[in-house]
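Subject: Structure handover and findings

Hello,

Here is the structure we discussed. Please look it over before you read on; my notes follow it.

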Amino acid sequence: MEKMRKLGFLVMTAAFCVVATCQVSYSQTRKELLRENQKLRRAIDSLQNLIGEEIEISDTTTAGDTINPGNMGFLNAELYDNLTPGDNQDSLLSIYYMQRQMANAPMPGAEDVENANYTSDIPDEVYIENLKKMNSFISLPYNNVVKNYIILYTERMKKRAPTILALSSYYLPIFENIFDSYGLPKELAAMAIIESALNPFAVSSANAKGMWQFIYSAAKQYNLQVDSYIDERFDPEKSCDAAARFLKDSYTIFGDWALAISSYNCGPGNVNKAIKRAGSREFWDIYPYLPKETRGYMPSFVGALYMLKYYQNYNIVPDKPSMPAHVDTFMIHKNLHFEQISEVIGIPVQEIRELNPQYLHDIIPGNSSGMILRLPYNYTASFIDNEKTIYNYKDSIFFNPIVYNRYKANEDGGSRIYHKVRKGQTLSSIAKRYGVTVSQIKDWNNMSAKTKTVKTGRTLIIYKSAAASASQSSSKSSSGTKTASSSGKSSGGTRTYTVKKGDTLYGIAKKNNMSLNELLKMNGLTAKSTIHAGKKLKVK
């Protein structure tokens with residue numbers, strides 16, 4: 001019966017969209033026409049998923065296949081009411097510090113609200129009617145669990161709702177545009193409230209980070225940059241873009257927004273398992289089979305949307321938005337420190353941090369493609385007029401090799417070495433000694449690509465993988481066998497390397513300063529060849 005009701009609704013929606021599209025006036029812009037077209041596509045897509053054959057879903061995903069495992073975030077009424085915001089509620093700084101407090105507080109489970117017995121003077125009929133009036137593209141269900149979340153957001157979080165609403169007025173329009181660009185329902189923007197209470201600095205107990213709470217593996221899967229200097233999980237816009245792509249993929253799999261939204265919390269694999277156990281694809285049928293922390297995710301989404309729509313009915317007054325009304329974006333191609341910007345044009349460093357939370361150490365590592373810098377519009381002219389001065393200001397202090405690279409971590413998990421250049425040494429000879437490239441040495445030490453010589457006495461930072469360090473050491477390994485460099489016999493410009501557990505052909509070639517093709521050719525192997533511990537290989 002429920003499926004028929006949805007089918008009828010979608011048919012009507014699709015028909016309405018067709019009529020609306022056919023009756024557009026010539027005065028409509030191309031953007032408006034595209035939006036109508038996207039709306040029609042979504043309606044037809046949902047219709048096809050209801051009447052078509054069931055989609056075959058892979059069951060190869062695991063419990064770790066998730067954006068944010070187990071974190072519902074900031075939903076406990078007692079947690080909110082026991083926190084005290086900063087003295088100046090209009091201050092951007094006080095809002096962020098309050099949010100950091102919330103981020104570090106214990107996270108309640110969804111079952112806390114699920115099993116609660118919240119009461120309200122408002123009858124169920126009013127809630128049901130209000131949900132209908134919202135005309136959401138995503139179906140908004142109603143039952144006791146949903147009711148609990150509506151009461152939580154509108155009546156039990158009144159001390160914190162004003163802050164969330166203030167931040168919503170700034171962030172949600174940005175997120176809505178991102179979701180709209182992918183042809184997705186704009187209502188999905190409210191998920192950021194559930195994830196982090198719109199705190200870009202949020203870090204969960206599972207080490208999910210940012211406003212959209214990505215764990216590391218999911219961030220990499222959706223091309224968010226995470227390294228020693230940058231973590232784009234903290235960038236609200238880029239992480240929202242990644243969240244939109246995840247949800248688009250998930251909706252393609254399930255064809256149901258309740259399931260796609262739930263999968264954001266526990267992963268498509270766990271939703272798929274719940275479907276198989278329940279023998280149904282209806283959300284409330286699979287509800288008991290979802291992980292406990294995921295069950296309340298969709299009801300919480302409904303509660304958040306309800307608060308955004310009807311907060312005025314509950315005498316909730318949003319705090320005054322303290323984010324800048326307009327922000328300009330610059331592309332940075334050279335290394336730049338927040339302190340350089342601050343001291344030259346007078347903008348507080350904290351304000352730069354809050355608009356650019358993805359930069360972990362106040363350093364923008366500029367490159368040829370450009371890195372984003374966001375500044376309030378009232379500093380735009382000053383930044384443009386003083387750009388050359390800003391880059392040169394105390395650059396020898398902010399970007400001397402030791403200071404600049406103190407945060408740099410070796411991506412291969414190796415160690416950092418300080419090499420003092422001796423008389424007669426060149427960049428090429430130093431690179432060869434440590435099994436790295438000249439370009440890497442230049443990058444690690446903030447040297448120009450055109451640099452050909454290095455001064456005697458200068459200290460260079462080298463990042464050398466642990467494996468390469470071991471291969472050049474004359475000491476014995478923990479297993480008692482000698483390393484390749486000490487046990488390998490040199491012959492005609494080659495030596496013998498003994499394969500160790502965990503080695504790969506590519507890794508062996510890299511640590512011995514060879515190309516993979518060179519290694520394969522030297523040993524009569526192909527790219528499909530397998531190796532095992534103890535095997536002897538010829539290397540340079």
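Buried means under 20% relative accessible area, exposed over 50% and partly exposed in between, with a 1.4 Å probe and protein chains only. By that cut-off Lys147 is buried, as its relative accessible area is 15%. Lys147 sits in helix H7 (residues 144-155). Helices are DSSP runs of H or I with at least four residues, strands are E runs of at least two, and both are numbered from the N terminus. Beyond its neighbours within four places in sequence, Lys147 is in contact (heavy atoms within 4.5 Å) with Asp124, Tyr127 and Tyr142.

Some ground rules. This is a predicted model, where local features need pLDDT of at least 70 and side-chain atom pairs count only at pLDDT 80 or more, while totals for chains, interfaces and linings use all residues. Residues are numbered from 1 along each chain as its sequence is written, and side-chain values use heavy atoms, leaving out hydrogens and water.

Confidence

pLDDT is the predictor's confidence in each residue, from 0 to 100. The protein averages 75, and 69% of the residues score at least 70. Two stretches need care. Residues 43-65 stay under 50 in pLDDT, and the model has 44 contacts beyond four places in sequence for them. Residues 73-111 also stay under 50; the model has 89 such contacts for them.

Cores

A nonpolar core is a set of buried Ala, Val, Leu, Ile, Met, Phe, Trp, Tyr and Cys residues joined through side-chain atoms within 4.5 Å. The largest one has 83 residues. Phe175, Phe179, Leu198 and Trp212 have the most contacts inside it. Helix H8 (residues 161-181) gives the most to this core, with 10 residues.

Leu198 lies in the loop between helix H9 (191-196) and helix H10 (216-221). With 0% relative accessibility, Leu198 counts as buried.

Asn135 is another non-glycine residue with a positive phi, about 50°. Its place is in the loop between helix H6 (124-133) and H7. Asn135 is exposed, at a relative accessible area of 66%.

Helix packing

How do H12 and H16 lie relative to each other? They are roughly perpendicular (the class for 65 to 115 degrees; under 35 is roughly parallel, over 145 roughly antiparallel and the rest oblique). The axes of H12 (residues 257-266) and H16 (residues 297-310) come within 9 Å and cross at roughly 110°. Axes are lines fitted to C-alpha atoms, for helices over the stretch in contact, and angles run from 0 to 180 degrees between N-to-C directions. On the H12 side, Ala258, Ile261, Ser262, Tyr264 and Asn265 meet Tyr297, Met298 and Phe301 in H16. These contact residues divide into six nonpolar, two polar and no charged. Here Ala, Val, Leu, Ile, Met, Phe, Trp, Tyr, Cys and Pro count as nonpolar, Asp, Glu, Lys and Arg as charged, and the others, Gly among them, as polar.

Helix H13 (residues 268-278) has several buried residues, including Pro268, Val271 and Ile275. The buried residues of H13 pack against helix H11 (236-254), H12 and helix H14 (283-286). Just after H13, Gly279 takes a positive phi of about 70°.

Strand S3

Ile363 is in strand S3 (residues 363-364). Ile363 counts as buried, at 2% relative accessibility. Ile363 and His337 are 26 residues apart in sequence, yet 4.6 Å apart in space, C-alpha to C-alpha.

Best regards
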